Amino acid sequence: MTLETYLRDLLRIVIVGHVDHGKSTLVGRLFHDTGSLPEGKLEAIQAMCERRGMPFEWAFLMDAFQSERDQGITIDTSQIWFKTAKRDYTIIDAPGHREFIKNMVTGAANADAAVMLIDASQGVQQQSRTHAYLLHLLGVRQIVVLVNKMDLVDLSATRFAEIEATYRSYLGEIGLAPAAIIPIVARDGDNIVTPSARMSWYEGPTLVSALDDLASKADLTSLPLRFPIQDVYKFDDRRILAGRIQTGRLKVGDRLLFSPSNKTARVASVETWSAPAKTRGEAGESIGITLDEQLFLERGDIASHEDHAPIETNVFKGRLFWLSHTPLRVGHGYRLRLQSREVPVTIQQISALYDVEQLSSAPSDEVPYNGIAEVVLRSQAMLALDSIDDNPATGRFVLTDGTNLVAGGTISMQGYPNQRALVTRRSSNLTEVEHKVTAEARQQRNGHRGGVLWFTGLSGAGKSTVAMAVERELFRRGLQVYVLDGDNIRYGLSANLGFAPEDRAENIRRVGEVAALFADAGMIVITAFISPYRSDRQRARSAAHDAFHEIYIKADLAACESRDPKGLYQRARKGEIPEFTGISAPYEPPEEPNLVVDTQHLTIDACVAAVIDYVEKNFRS
Amino acid sequence: MDYLDRLESQSVYILREAFNQIDRLAMLWSLGKDSNVMVWLAKKAFFGHVPFPVMHIDTGKKFPEMYAFRDRYTKEWNLNLIADSCPPVEETDPSLPPAARSAARKTLGLKNAIAKYKFNGIIAGIRRDEESVRAKERVFSPRGSEGSWNFRDQPPEFWDYFNTNLPEGTHLRVHPLLHWTELDIWRYIEREKIPVVDLYYAKGGKRYRSLGDQDITSPVDSNASTIAEIVAELETTKTSERSGRAMDRETEDAFERLRAAGYM
C-alpha cells in the first residue's frame, strides 16, 4: 500500500434534482466514463433490458430494487463510489420526489457538496428551488449545477444562458454561489468527463473537473472546544467520560467547563485501547477522558474551555424543515435533541413559514409536511448551545415526536439573551441568616401582605401610568406601596447596563431581586418594565416565590405605536434604536397572568380600579 | 486524523450510541473479517471490554477453520458468546431458490434468538458497498416484529442523530460498518493487526473473499497470500466481493427478498 492511497481525499457529493431530470442516467454515465463500473455490471444491465424488451437504460445501475425498476423511480438514498485522478468520491443519490424529501435530507445532510440537476427543456422548477433552499439549510455550501438534456433544446447556447441567469439569481438570493453551471447531455456523456464537441460555445469546466476543484472538508479543529458527553463508563476502576469532539481540541491538564451543569475539572488522562498513548484529542475523534475530580456528570453535558463557553438559554429560534405528515403546531410539545442531550420543548411561536418559491414568509399557526419555518422553541431546562453562525456542529438540532424524527434545524439567538451570566453564582461560602421578625408580624403591623405586582407589556401600553395611579390610591388607603419604574432604575441600580439582550435580562434580574426584598420587607411593590422574556419573568417569580403576581398590561403593537408617548417607536422604525421590543426584538406575552389589564379598551380609571380591586382581594389579611 | 481514524471514530460513535440507547443489545459475529473488525471496534469503543453478548447464528455448515477461530478468540477477547443453532432448511420459505433457502436458515435462527433472549437491538456488520440493496440501509434501522425491513418507508437519519425510540415488539438493526468499503476493512485489519480466518489467504491460486456456509460459498481466483497482497488485489479488481456467494445471484431479486424478510 502506498502512502498516497492513505492520503487520498474523499468527497461526499449528493445529487439532487427533479424526478425526471435524469439523475440516475447521469450517475451511470459518470461511472462508465470514469472507469468505475464493476466488471459485469454493464453486461448485466444490458441483459436485463433485453429480457424486458426495452432499450438500454443507464439508470438501472442505480436502481437496485425490483420495485424501483417496476415503478421507474428512485425510492431511497443509496451510496456508491467512484474515483478521479485527484480523489475518491461517494455519491449519495437523493430522490427528487416531493414525497421523499426526508430521504433527500437524509442524503444531503451528510454531503460535502451537491450536484443539482435541471432539465433544459423544462427549466427551473419548484423542486429545483426547494432543493437549493434545503441544501442551504442543511449546511451544504458547495454546489455544481448541471443543465441536462441539452439535446432536447437543440444544444442552444441561448436557452442555456437563460436557465443559468434565472437559477444563478435565485441561488444568489438565498446566499448560495454555484461553483459552476454546466450544460450536459448525460445520456451521451457531453461535458461529463470530456468537453462536448457539440457544445463548443461552452468554455467552462466539465463535471469532473468542476468536482475536482471543490474544496475538501471544513476545518473544525480551530473552532472553540465542544465535547458532548455521550456516556460515562465504569467498566473497571477508571471513570471514563466518552464522546466525540465536535469542534476544537483538548489536552491533558486543560480545565474543562461542563454545561449546563456549570461544573469544572481538569483533564487527567486521555484513555485508549490497543493504540499509542495519547495526551490530546481533536474534532472528529471519538475519545474517552478521565478527570482530576469526581464530578457528577451524565450524557448530555457538553464540555468546553472556560473562555468560549456555549450559550446557556431555555429559549431559542430554530429554522427547521418539517418531515412529519402531522403538522407542527404552536403550543405542542416535542423532544429536542441537541448533540447527546434530549429534553422536552414546546413550540412557543411560528414566526415565519417560508414560501421557497416566492422567497417570502408569514407567521403561521402550523407548519405542513415538508414545510420550512422559523419557530421559537422553549424548554423547562437550561440548554447549552451555539448559534449556527458560530458553530456548524452544535448550532443545529433535531426534534422527535414519539418514535419519529420529525424535524432538523439550525439555531439563531438573534433577539434572545445568553442566560449564562444570570444563572452562574460566582460567590461561594454563603450562609443564609434567619430574621427575628416574621412575615406574619410585618403583615399584622401593616394590615396587608407584602408582594410584587409585576407589570409587563409593550412600551406605551400604559405600565407607568397605571402603576403611578395605583401607587397613589393604595397609599391613600394606607397601604405600604412603592413603584420600581424602568427609566428610574436605569438611572441608578442598572446605570451600567445597555440594551443588548443580555443587559436587558440582567436589568430584569436585578429588579426581580430588589422587588423580592421589598416584598419580604412587607411592602407592596409595583414593577413597571416591558420585561419581554418569559424566562426573565420566571426568574423574578422564583425570587419572590408566592408573593409574585404577574399583571399583563395589554395593548397591541398598533395601539402602542399610535400612542408612542416617548417617540421611541418612530425612532425604532427608522432603525435608530436596535433590538426594540415589538419592532426588532420579541415580546413574549404571559401565558397565565394573574390579572389582565386591557388598556386598549378600558379607561385609565377602570384599569386602575381593576388593579386596586385585585390588591384588596389578595393582599388584605 | 487519517481516513482510517475517521472511519474508526464514526463506528465507535455508533457503537456507543447503541450501547447507551438500547437496553438489550447483542452483536452478530459471523466469524468473517467484517465482524472481527466490528468486535475490535467495540473493544476500542469500550476500552478493552465488549459489554454485550456476541452472537454466532450457527448453521452447522461453516468451515472447520471458522469454528476453531471462534473458540480461540471467544477466550482471548473475553467474549460473552451465544452460539445457537439454526432451524433446518425445511422451515424456510419454499418459494426461494435453493441457495437463498439455505441462507434463509440464518434469518430464522436470528429471529428465534431475538425472541429467546428478548433482544431489542442487533449490531450487524453489513457495508453499503457489498451489495446494492444494502446501500439503501440506515445506520439505525428499525425492524418489524417479524424482523422485516420496510425499505419503502424508512425514517430520516441525518447529522448522526439516530432513531433509537422504538415501538413495542420491534427491534433495531445497528450497522456500525455501513460506511466502510472492503478495501477499508483490509487496510484497517493490516494497521490494527486484527486476526482473521486464514481461508481469506490464497492457497493454490484460490482464496475466499467472503465467507458463508461451505455449500454455498466458493473461492475466487487469486494469488494474494498476505494482507498487503489482498489490498493490492482489491485496489485493481472490478469483480464484486460477493461474487462467490451463490444466493445473491440466483434470481434478480433473491437478495432483496432475503433482506426484506430479515436477512443481515
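# Briefing: sheets, cores and confidence

Strand E25 (residues 451-456) and strand E28 (residues 548-554) of chain A run parallel and are joined by five bridges. Helices (H or I, at least four residues) and strands (E, at least two) are DSSP runs, numbered from the N terminus; two strands count as paired if DSSP finds at least two bridges between them. This is a predicted model, in which local features need pLDDT of at least 70 and side-chain atom pairs count only at pLDDT 80 or more, while totals for chains, interfaces and linings use all residues. Residues are numbered from 1 along each chain as its sequence is written, chains are lettered from A and ligands numbered from 1 in the order in which they are written, and side-chain values use heavy atoms, with hydrogens and water left out.

**Chain A overall**

- Chain A has 17 helices and 29 strands.
- Its C-alpha atoms fill a box of roughly 100 × 65 × 40 Å along the principal axes.
- Of its 621 residues, 54% count as buried; buried means under 20% relative accessible area, exposed over 50%, and partly exposed in between (1.4 Å probe, protein chains only).
- Contacts are heavy atoms within 4.5 Å. Among contacts in chain A between residues at least 6 apart in sequence, 72% join residues at least 24 apart.

**Confidence in chain A**

- The mean pLDDT of chain A is 87, and 91% of its residues reach 70 or more; pLDDT is the predictor's confidence in each residue, from 0 to 100.
- Within chain A, confidence is lowest in helix H4 (residues 66-71), with a mean of 38, and highest in strand E7 (residues 227-228), at 98.
- Residues 1-7 of chain A stay under 50 in pLDDT, and the model has 10 contacts for them beyond four places in sequence.
- Residues 64-77 of chain A are also below 50, and this stretch has 60 contacts in the model beyond near neighbours in sequence.

**Parallel sheet of chain A**

- Five strands of chain A form an open sheet with parallel pairing, in the order E26-E27-E25-E28-E29.
- Its edge strands are E26 (481-485) and E29 (595-598) of chain A, each of which pairs on one side only.
- From one strand to the next, the twist averages 20°. Axes are lines fitted to C-alpha atoms, for helices over the stretch in contact, and angles run from 0 to 180 degrees between N-to-C directions.
- Helix H13 (residues 501-520) of chain A packs on this sheet, where it touches E25, E26 and strand E27 (524-528); the helix direction makes about 150° with that of E25(A).
- Leu453(A) has His549(A) in E28(A) as its bridge partner.
- On E28(A), six of the seven residues are buried, leaving the strand mostly covered.
- Four bridges pair E28(A) with E29(A) in the parallel sense, and in E29(A) the bridge partner of Ile551(A) is Leu595(A).

**Mixed sheet of chain B**

- Chain B has an open sheet of six strands with mixed pairing, in the order E3-E2-E1-E4-E6-E5.
- Strands E3 (81-82) and E5 (140-143) of chain B are at the edges with a single partner strand each, so one side of each has no neighbour in the sheet.
- Strand E1 (residues 25-28) and strand E2 (residues 54-55) of chain B run parallel, joined by two bridges; Met27(B) stands opposite Val54(B) in E2(B).
- Helix H2 (residues 33-45) of chain B lies across E1, E2 and strand E4 (121-123), at about 140° to E1(B).

**Nonpolar cores**

- A nonpolar core is a set of buried Ala, Val, Leu, Ile, Met, Phe, Trp, Tyr and Cys residues joined through side-chain atoms within 4.5 Å.
- The largest has 84 residues, and those with the most contacts inside it are Met27(B), Trp29(B), Val37(B), Met55(B), Phe140(B) and Trp186(B).
- Helix H1 (residues 3-21) of chain B gives the largest share of this core, eight residues.
- Apart from this core lies another, of 73 residues, which includes Ala111(A), Ile174(A), Val208(A) and Leu405(A).
- Not counting residues up to four places away in sequence, Phe140(B) touches residues including Ile14(B), Ala18(B), Phe162(B) and Val174(B).

**Aromatic pairs**

- Rings of Phe, Tyr and Trp (its six-membered ring) pair if their centres lie within 6.5 Å; planes under 30 degrees apart count as stacked, over 60 as edge-to-face and the rest as tilted.
- By this rule there are 34 aromatic pairs over all chains.
- One of them is the edge-to-face pair of Tyr569(A) and Phe580(A), at 5.1 Å centre to centre with 80° between the planes.
- Tyr569(A) is in helix H16 (residues 568-573) of chain A and Phe580(A) is in the loop between H16 and E29, 11 residues apart.
- Tyr569(A) counts as buried because its relative accessibility is 1%; Phe580(A) is buried at 9% relative accessible area.
- Trp273(A), Trp29(B), Trp40(B), Phe69(B), Tyr73(B) and Trp77(B) form one aromatic cluster.
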